[in-house]
Amino acid sequence: MTSLPSLLGGLDPTSDRAVFRQIADQLREAIDRGRFKEGEKLPSEAELVEHYGVSRMTVRNSFSVLQGEGLVHAEHGKGVFVRPRPPVRRLASDRFARRHREQGKSAFIVEADAAGSHPKVDSLEVKEEKATQDISVRLGSVRRVLARRRRYLLDGRPVEFATSYLPLDIARGTQIAEPNPGPGGIYARLEELGHHLDHFEEEIRARMPSPSEVKTLHLASGVPVIHLIRTAYDTEKRPVEVCDTVMAADAYVLSYQLPAT
């Protein structure tokens, strides 16, 4: 490893900024500048104690700041490591292209292939249930829906979970109500049923996760989630599906192409 003096500076004794925050600032800058690469181990507590002349608790507080920002993660008995950058680029203008469905691929499989990752779906649940007020409004005042809940994994790591809600008059008794909806996913089945997709509307916000979301997605401290609600419309302008998705923010880059006029 390159010597610490060449990677990190020294403390400013005249600054009113707490020492542990000064150390966190320098480690953050070193990460941003690529001095510590993705997946690389940061200097140990002992090395930083010696470099800065501070206590172990001060160094631990610095690491806690970076963990809270989602920049690093600790592995028990091994050290603190720089978090990898988001592996999946979610290209909004392409992910629901009809050609993918015609090739028998869902949007998630297309994105996983582009990232060079192995996709998997688990925690699958399919059932009929009463629509919440929000879902009912989005689907045109339906009372009951078919709900499809599932969790998505890349290379064994949970990255998102989603629930699709579909009107019963469309989904009941079809392959959409089966655990495996077949090649191309539920959008391919909707089009086979005559509901040719016209457009999608998405609402996106970032927030901190709930305790259950932390557990489901195995999120590290300080990692937020991306909460996305998508409504699919057919060519008759009827809403045919609402998908409520929660994604680990450190797993995705959301990419959009916007017209200039």
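Residues are called buried when their relative accessible area is under 20%, exposed when it is over 50%, and partly exposed in between, with a 1.4 Å probe and only the protein chains taken into account. By this scale E29, with a relative accessible area of 37%, is partly exposed. The structure described here is a predicted model, in which local features need pLDDT of at least 70 and side-chain atom pairs count only at pLDDT 80 or more, while totals for chains, interfaces and linings use all residues. Residues are numbered from 1 along each chain as its sequence is written, and side-chain values use heavy atoms, with hydrogens and water left out.

The chain holds 10 helices and 10 strands, where helices (H or I, at least four residues) and strands (E, at least two) are DSSP runs numbered from the N terminus. The radius of gyration of the chain is 23 Å, whereas a compact globule of 261 residues would have a value near 18 Å; this radius is taken over C-alpha atoms, and the globule rule is 2.2 Å times the number of residues to the power 0.38. Along its principal axes, the C-alpha trace spans about 70 × 40 × 35 Å. Of the 261 residues, 45% count as buried, and the chain exposes about 13900 Å², of which carbon and sulfur atoms supply 50%; accessible areas come from the Shrake-Rupley method with a 1.4 Å probe, and for residues only the protein chains shown count as cover. With a contact taken to mean heavy atoms within 4.5 Å, 59% of the contacts between residues at least 6 apart in sequence join residues at least 24 apart.

E29 belongs to helix α2, which covers residues 19-32, and its C-alpha lies 8.9 Å from that of L8, a residue 21 places away in sequence. In helix α6 (residues 107-115) the buried residues are A107, F108, V110, E111 and A112, and the helix is followed by G116, whose phi is positive, near 70°. Helix α9 (residues 185-192) has seven of its eight residues buried, so this helix is largely enclosed by the rest of the structure. The buried residues of α9 are G185, I186, Y187, A188, R189, L190 and E191, and just after the helix G194 takes a positive phi of about 100°. In helix α10 (residues 211-217), E213 counts as buried at 8% relative accessibility; residues up to four places away in sequence aside, E213 touches F161, R207, H218, L219, V225 and V246.

When residues up to four places away in sequence are not counted, R56 touches E45, A46 and V49. R56 and R151, by contrast, are 95 residues apart in sequence and 39 Å apart in space, C-alpha to C-alpha.

The second largest pocket holds about 190 Å³ of space. A pocket is found on a 1 Å grid over the protein atoms alone, as an open set of points where a 1.4 Å probe fits, with protein on both sides within 12 Å along at least five of seven lines, and its lining residues have an atom within 4 Å of a point. Grid points are joined across faces, edges and corners, and the volume is the space filled by probe spheres set on the points. Of the 13 residues that line this pocket, S44, E45, F63, G79 and V80 are the closest to its centre. The elements that give two or more residues to the lining are α4 (56-68) and β2 (79-82), and the largest share, four residues, comes from α4.

Two residues other than glycine show a positive phi. S141, in the loop between α7 (133-138) and β5 (144-154), has a phi near 70° and is exposed, with a relative accessible area of 59%. D155, in the loop between β5 and β6 (157-167), has a phi near 50° and counts as exposed at 52% relative accessibility. Most residues other than glycine have a negative phi.
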